[in-house]
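Dear colleague,

Please keep it open while you read.

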Amino acid sequence: MRLCAVIVAGGRSSRMGREKAFELIRRRSILERVVSCLRMQVPDIVINANGDASRFRDTGLPVIGDLRADTPTPLAGLHAALTHAVERRFDAVLTVPSDAPFLPADLAQRLRPVNRPAAIAASAGQQHYLTGSWSAALLPGLSRAMDEPRLPRLRDWTLVCDAAVVHWPAEPYDPFFNVNTPEELAEAERIAAEFNL
């Protein structure tokens with residue numbers, strides 16, 4: 001199965017006050033950490049982001065924007081990711097957020113959809129809807145759902161496509177810890193120092 005990865009960096013970072021992906025944890029940006037983790041698992045990686053793509057130049061990765069400006073939710077990022085997968089003839093796409101610095105090294109392997117069209121990660125009793133693997137065949141259905149008067153949430157979409165839920169332990173730290181606030185950035189720094197990440 002041909003798999004590509006898309007880092008979804010479409011959030012407004014309103015609680016942080018600046019773009020989260022470029023915040024440093026032990027002198028490495030969160031985005032650098034995400035890219036480094038994915039490079040060990042998936043050969044083809046792109047970034048989904050709007051605005052000036054040149055801010056991602058240092059990654060050396062292609063940048064794709066949202067195709068549905070009428071959809072101000074993570075669904076727009078998933079739609080862009082699935083469109084990219086279909087256009088490049090990938091069988092599936094792995095999506096991850098740009099603000100999760102401790103992603104697990106077995107993410108792609110464990111999230112490969114086998115008997116389901118999609119699979120999402122979970123830890124500590126919480127499902128991480130944007131961290132998932134999605135069959136490229138889901139694109140037409142997602143496009144139709146996005147045309148509905150009442151736009152579904154990403155959570156709703158995982159139910160529509162019968163996504164499997166794959167659980168990871170949250171000890172000694174949650175691999176899906178994400179950074180939205182200065183306080184969470186400080187906690188990420190503490191975790192990284194304690195576990196030499």
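**Salt bridges**

Counting as a salt bridge any side-chain nitrogen of Lys or Arg within 4 Å of a carboxyl oxygen of Asp or Glu, the total comes to nine salt bridges. Before going further, please note that this is a predicted model, in which local features need pLDDT of at least 70 and side-chain atom pairs count only at pLDDT 80 or more, while totals for chains, interfaces and linings use all residues. Residues are numbered from 1 along each chain as its sequence is written, and side-chain values use heavy atoms, with hydrogens and water left out.

One of the salt bridges joins the side chains of E187 and R190, at 2.7 Å from N to O. These two residues are three apart in helix 6, which means that about one helical turn separates them; helices here are DSSP runs of H or I with at least four residues, strands are runs of E with at least two, and both are numbered from the N terminus. E187, R190 and E194 are linked in a network of salt bridges. For accessibility, buried means under 20% relative accessible area, exposed means over 50%, and partly exposed lies in between, with a 1.4 Å probe and protein chains only. On that scale E187 is partly exposed at 28%, and R190 is partly exposed at 40%.

Another salt bridge, at 3.5 Å from N to O, is formed by E87 and R88, where E87 counts as exposed at 54% relative accessibility and R88 as partly exposed at 45%.

The model has an open sheet of seven strands in the order 5-4-1-6-8-7-9, with mixed pairing, where two strands pair if DSSP finds at least two bridges between them. Its edges are strand 5 and strand 9 (164-168), each of which pairs on one side only. Strand 7 (residues 118-123) runs parallel to strand 9 over five bridges, and A119 has A164 of strand 9 as its bridge partner.

Strand 6 is joined to strand 1 by six bridges in the parallel sense, with I7 partnered by V96, and to strand 8 by four bridges in the antiparallel sense, with L94 standing opposite S133. Because six of the six residues of strand 6 are buried, this strand is largely enclosed by the rest of the structure. The buried residues are A92, L94 and V96 on one side and V93, T95 and P97 on the other.

**Helices on the sheet and on each other**

Helix 1 (residues 30-39) lies across strand 1 (3-8), strand 4 and strand 6 (92-97), running at about 170° to strand 1; axes are lines fitted to C-alpha atoms, for helices over the stretch in contact, and angles run from 0 to 180 degrees between N-to-C directions. Seven of the ten residues of helix 1 are buried, among them R33 and C37.

The axes of helix 2 (residues 74-87) and helix 4 (residues 139-146) come within 10 Å and cross at roughly 150°. The contact (heavy atoms within 4.5 Å) involves residues including L75, H79 and L82 of helix 2 and L142 and M146 of helix 4.

**A loop residue**

P62 is found in the loop between strand 4 (44-48) and strand 5 (63-64), and at 47% relative accessibility P62 counts as partly exposed. Leaving aside neighbours within four places in sequence, P62 is in contact with I45, V46 and I47.

With kind regards
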